[in-house]
Amino acid sequence: MGLRERKKQKTRIALIDAALDLFLTQGYDITTIDQVAAVVDVSPRTFFRYFSSKEEAALSLPQDGLEILLAEFAARPAAESPHQALSNAMRVMLDTLREGDAAEARRFLQARQLIGSTPTLLAGQMCLMATSERRLAEEVARRRGTDPDDLHTQFVVSVFTALGRICFEHGPDDLSLLAERLEQTLAIAERCLRPGWDR
């Protein structure tokens with residue numbers, strides 16, 4: 001990154017931190033964009049250069065996580081089955097958070113707490129998931145040489161997204177424990193589904 005890009009990233013992170021702190025302390029619905037901008041000492045106009053709304057700011061970390069997952073999935077070796085590739089991509093995403101900056105992990109956990117307690121944001125996250133499922137289906141289809149609307153492809157994606165929800169929506173607020181829960185969830189899936197089902 002050049003200096004300008006680093007400054008932009010720093011401002012974006014500062015806005016996310018301010019938003020999460022205010023949303024959690026005084027409530028998402030009553031917090032205004034003006035208040036978020038004031039904490040960072042920027043104008044509301046600057047806020048809108050980074051986010052179109054306070055909902056987008058609140059959901060930016062889940063969106064970033066999904067982008068990491070999608071990128072890692074696309075980069076997995078072709079020899080891995082779609083389910084194996086998705087599972088390994090999920091592991092990489094969690095490891096990236098666990099091994100990265102402690103502040104980044106804190107933001108991730110704050111965002112989980114906020115979304116879980118805010119119906120508006122929970123609905124917004126579901127919309128993000130729906131969009132990501134389509135992109136996952138396109139990558140699974142590419143790997144299998146089929147159409148994204150192929151029933152087998154749709155089944156693979158649906159099983160994986162269900163596993164993700166089981167792991168993250170009701171998981172602990174600790175990244176190491178979340179990683180353990182992911183492994184437990186994947187192990188149950190492997191026991192319940194016969195080998196080669198996702199080919």
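## The second largest pocket

In this predicted model, the second largest pocket has a volume of about 330 Å³. Its lining is made up of 15 residues, and those closest to the centre of the pocket are L61, D64, L97, E104 and R107.

Four helices, α1 (3-26), α5, α6 and α7, each contribute at least two residues to the lining of the second largest pocket. By class, this lining comprises 7 nonpolar, 3 polar and 5 charged residues.

## The largest pocket

The largest pocket has a volume of about 580 Å³. Of its 24 lining residues, Q125, M129, G164, F168 and E169 are the closest to the centre.

Two or more residues of this lining come from each of the helices α5 (60-75), α6 (82-99), α7 (102-116), α8 (119-144) and α9. The lining of the largest pocket divides into 14 nonpolar, 6 polar and 4 charged residues.

## Packing of helices α9 and α10

The arrangement of two packed helices is described by the angle between their axes and the distance between those axes. Helix α9 spans residues 151-169 and helix α10 spans residues 175-192; their axes come within 9 Å and cross at roughly 145°. The crossing of α9 past α10 is right-handed.

On the α9 side, the residues in contact are L163, I166, C167 and F168, and they meet L178, R181, L182, T185, L186 and A189 of α10. In terms of class, this contact consists of 8 nonpolar, 1 polar and 1 charged residues.

## Salt bridges

Side chains of opposite charge can pair when their charged atoms come close. The structure contains 13 salt bridges. One of them joins the side chains of E183 and R91, with a distance of 2.6 Å from N to O.

This pair connects distant parts of the chain, since E183 lies in helix α10 and R91 in helix α6, 92 residues apart.

Conventions:
Residues are numbered from 1 along each chain as its sequence is written. This is a predicted model: local features need pLDDT of at least 70, side-chain atom pairs count only at pLDDT 80 or more; totals for chains, interfaces and linings use all residues. Side-chain values use heavy atoms; hydrogens and water are left out. Axes are lines fitted to C-alpha atoms, for helices over the stretch in contact, and angles run from 0 to 180 degrees between N-to-C directions. A crossing is left-handed if the near helix is turned anticlockwise from the far one by less than a right angle, and right-handed if clockwise. Contact means heavy atoms within 4.5 Å. Ala, Val, Leu, Ile, Met, Phe, Trp, Tyr, Cys and Pro count as nonpolar, Asp, Glu, Lys and Arg as charged, and the others, Gly among them, as polar. On a 1 Å grid over the protein atoms alone, a cavity is a set of points where a 1.4 Å probe fits but cannot get out, and a pocket is an open set with protein on both sides within 12 Å along at least five of seven lines; lining residues have an atom within 4 Å of a point. Grid points are joined across faces, edges and corners, and a volume is the space filled by probe spheres set on the points. A salt bridge is a side-chain nitrogen of Lys or Arg within 4 Å of a carboxyl oxygen of Asp or Glu.
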